[in-house]
Every structure is written in C-alpha cells, then in structure tokens.
Amino acid sequence: MSALSLQQVTVSFAGRAVLSDVTLEIGQGLFIGMLGPNGAGKTTLMRTVLGLIRPAGGRIRVLGEPASSGNAAVGYIPQLRSLAGNMRLRGWDFVASACNGHRWGLPILSRAGRQEVHWALDMVGATELARRPLMETSGGERQRLLLAQALLGRPRLLLLDEPLISLDPHHQHGVVTLVKQVQQELGITVIFSAHELNPLLGAIDQVLYLGRGQAALGKVDEVITKPVLSRLYGSNIDVIRMKNRIFVMAGDVEVEKEEHCHHA
Amino acid sequence: MLEFDFMQNAFIAGGLVSVLAGVVGFFLVMRGQTFAGHALSHVGFAGATGAALLGLSPMWGLIWVTLLGGVSMGALGERLQGSDIVIGTILSLALGLGMLFLHFFTAYATQATALLFGNVLGVNTDTLWTLAWLGLACLLLLAIMARPLVFASLQPELAEAKGVSLRQVSMLFLAIVALTTAECIQIVGVLLVFTLMVGPAATAQKLTSHLGTGVLLAALLALAEAWLGITLAFYTDWPTSFWITALSSSAYLAVTVLHMLRNRRPVASAA
C-alpha cells in the first residue's frame, strides 16, 4: 500500500484546472520535497489529500483509503498566517487545542491526552518552549510547535505546507533537520512543500515538482533536469549545479529566487 | 445598600451578565471578532426600538434581532471575516433604523437612554429570570462547543482538515455572542457593551497565557468591575455604566502599562 496514490486526478480551483490528469504513487516512509512555482497547486494538492477539495476527476487513495477530512492518519501544518487576535496564549495550549479538537465538550484533556501532548512536544524538543506565550516565539520555534501539533494522533502521512517561509537559512536548516529526524524515527511519510530546493537537498528521498497542471515525481537527479522542468514551466529552463547546490534558471533569472521574492 | 430591592436585583443581574460576558468575551477576543460583537449590539438597538414601535416587548425584540444578526454573520463566515467596512455599514444602518423607530414612537424616547447606556438599577424580577435562563443556556452551549471552538479559532485550516465545520462553529459561537450582547445591553447599554465583553477578557489575556486561567480571570474581572461599579454608583449617585467603563478601561490600562514596564526592564539593563 502506498502512502498516497493519484490516478488520473484532475482538480479545479476557481474555474481553473490546477492539476490535470495527474497520476503518481508515493511510497511509505519517504521524505518528499514538493516544489513548483506559485499557483502550481501545492496547497491545493494538500487540501485535496486532506479531503477538503473534491477532485473533478480521477481517484485518490490516502494510505489505502479514499481521501476524506477527519482522517487521523494524516497530519498537517497549514501555511503560517498571522495569529488570530493578539492574544498571549502559551504554546502548550495552542498545541493541545488540536488534541481531539474536533470533539464536542470542554477543552479539558484527559490524562492520556496530556501524555500525548507531552510526547509530541518531546519528539520535537519543544517542552520548554511550550511554556512561553506563542506570540513571543521566533519563526523557527513556532514551526517546532506546529510540528508537535501535527504529530498529535500519530499520523502516518504528514503534509507540511511551506514551513520554511520567512525563515533565515540557519533556521531553515534547523526545521529540515528536525522534520527529517522525526520522519526517520517514526518511519512516516512526509510531503514538505517549499519554494527552494537547496535547503531540502540531502534530506529528501524524492522530489515532487508541480507546474502547469502536471507533476513529476522521482529522485532529484531524475526530476531536476532541463527537459522535465522545461515541460513543467512551459519555457526553456536550465539546471546549473554548483558544488552541492542546484540552481533552476529561466534565462538569466533564478526561478525559485524570483518566486520567493514575489511571495515576500 | 442591599436593603433596597432594586439594589439586590442590580447585583444579581450584574453578577449573572458580567460572568457570562467575561467568559464569552474571552473567546471573542481570542478569535479577533470584537468588532462583530460591537456591531451586534447596535443591531439589537434597532430590534428593541422596532419591537417597541410594534407594541412588542423591547427586550425580546432585542434578543431575537441580535440572535438573527449573529447567526447571519456566522453563516456569511469567511466572506465577512475582517471586513470592517461591511460590519461598520450594518452597524450604522442599524443605529439609523433605531433612530427612525424612535422618531415614530416618541413615547418610548425616555427609555432610549436606558437602551443606549444601560439601566441596571431598573431591572425587575421578571427580567432577572430571563437573564438567568438565557445566561445558563449560553454557558451550556459554550461548554458543549468549547473544544472545537478553541481549535477552530487557533488553527482554522487544521481544524477543518480534522473534520470541524468552521461555519457551524462560527454560527453557533456568534449566536452565543448575540445573546450575551443582548444581556449586556440590560446592564451597560448598546454603546458600552465593549466594556463588559472585551475589557475584562483583554485584561485577562495580558495577565496570563494559560487558557483555563484566562477564562476564569476574565469572568472574575468582569464580575468585580460590575459589582464595584454598582456599589460606586450607589454611593456617588453617578451612572453605573460610567463606573463600569471607568473600572474596565483602568484595569486594561494598568496591565498594559505594567506589561510595557516589565518588557522594558531587560532591555534597559542590557544597555
């Protein structure tokens, strides 16, 4: 059984086909880096896997089951937005809110629930951090707490939407290392979307590159190539390798850098 | 002071409403929807004056219209989220309509002040019972939905992925806010609902970062401000609503200043 299987999947969003006729199979226990230009459908694909967007066609299987919301086996870190309101809630309460958070009743955790939160915080080394108010933590620390939150319920597939956004290279490295470590220790599948490939090199097993409704999945050397990326971008792309880094260029412009600047 | 029936009623009504306002207000502040709460009270003004014009009970007019307003706001959901202009427009339209209804129903004008600025000393026993039942219903509903409410407020996308209906949570919560607003209007009036709903909750959130402690603290602060306000009004003969707003804003100002001083200290010593 694969962690994620798409068969001829077409997903439309706002009247536009974001994915058209995509077929791919992601094995279990892999760390997948998901890349692609803005609007290529990285978030849309995640929301489809989560069962929040219904595909217009095709078949999706998540760990052997049809995609549906409320699947405890799928963990998720949404793209970071500004925090609701301006409250000084401590990290512990923020993380714990996701523990059985869909059930009715008072938000008072059982002993098992508290243990689960402790376990998740311990997994990412955020036990101390969780005592501080969330709004007083740095971007990297916040990603740590979000990862702990996503681990509640012990998911076997983890979807991380742009966890590196607005982090400096040092903290980016910290987050990638942490995710890799957790992924290895728990033996789970991780799909990690990002703007840039380089921070992920060395950590990821495969790359999933989206562009113009299509997708390419495979090892970095198979996907990050001139023909594959030129097809996904719909223009002439050059791939330049320098030491341990890879630069994806369209003419004189570095594509990923460009995307990143637009976003910031 | 407590030998007077109207003072007893004022203390009971103030107690019931302030505890409810503190608790509900905490979540309102957490969700960043305080402006929606403010707007709902204005919608209530149109409801109360409209009901009076039709010869119906102003209090029930207030309750039903705020409830309708709250549920519609919740149903509109994200389209209304953060849309200050839409909410502000509805708010002023409601206040304008209220004025129009008062214009046609001049006999009611003496009570307009009570609606706008509250009249906790004029609460009778019947009203007390209504306040008690409605308050209990709100707290029960809040207790039932508290867990998904917190989850959906802090992490909406994740909550949605885990099967929480954001719209359902939003509608239910704004219904509770609407009823709480209608209750607050009895004490501090349409224009000053903020003082009971938002003041204590915002103060509590500056004092603690624990969720449970924060809710409790917000309720206690609101209760203390309401009771102290009523007591001060009795001895000074100044309006109760003035005292409650004065206490509520002083408390918020005090913790804000305290916070600034505490945050400044390490920087000063480092320099």
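Axes here are lines fitted to C-alpha atoms, for helices over the stretch in contact, and angles run from 0 to 180 degrees between N-to-C directions. Two residues are in contact if their C-beta atoms, placed from the backbone, lie within 7 Å. Helices (H or I, at least four residues) and strands (E, at least two) are DSSP runs, numbered from the N terminus.

With that, helix α7 of chain A, residues 226-233. Helix α7 lies across β9 (206-211) and β10 of chain A, at about 35 degrees to β9(A).

Some housekeeping. This is a predicted model: local features need pLDDT of at least 70, side-chain atom pairs count only at pLDDT 80 or more, and totals for chains, interfaces and linings use all residues. Residues are numbered from 1 along each chain as its sequence is written, and chains are lettered from A and ligands numbered from 1 in the order in which they are written.

Now the sheet. It is open, has 6 strands and mixed pairing, and its order in chain A is β6-β7-β8-β3-β9-β10. Strands pair if DSSP finds at least two bridges between them. β6 (74-77) and β10 (214-218) of chain A each have a single partner strand, so one side of each is left without a neighbour in the sheet. On average, neighbouring strands are turned by 15 degrees against each other, direction ignored. Take one pair: β7 (157-160) and β8 (189-193) of chain A run parallel, joined by 4 bridges. There, L157(A) stands opposite T189(A).

Chain A overall: 8 helices and 13 strands. Its radius of gyration, over C-alpha atoms, is 19 Å. The C-alpha trace spans about 55 × 40 × 35 Å along its principal axes.

Next, domains, with bounds from an automatic or database domain assignment. Chain A has domain 1 (4-73 + 156-263) and domain 2 (86-154). Their centres, over C-alpha atoms, are 26 Å apart.

Last, V24(B). Not counting residues up to four places away in sequence, V24(B) touches C138(B), L142(B), I176(B), V177(B), T180(B) and M197(B).

Definitions and conventions: Rg over C-alpha atoms; globule rule 2.2 N^0.38 Å.
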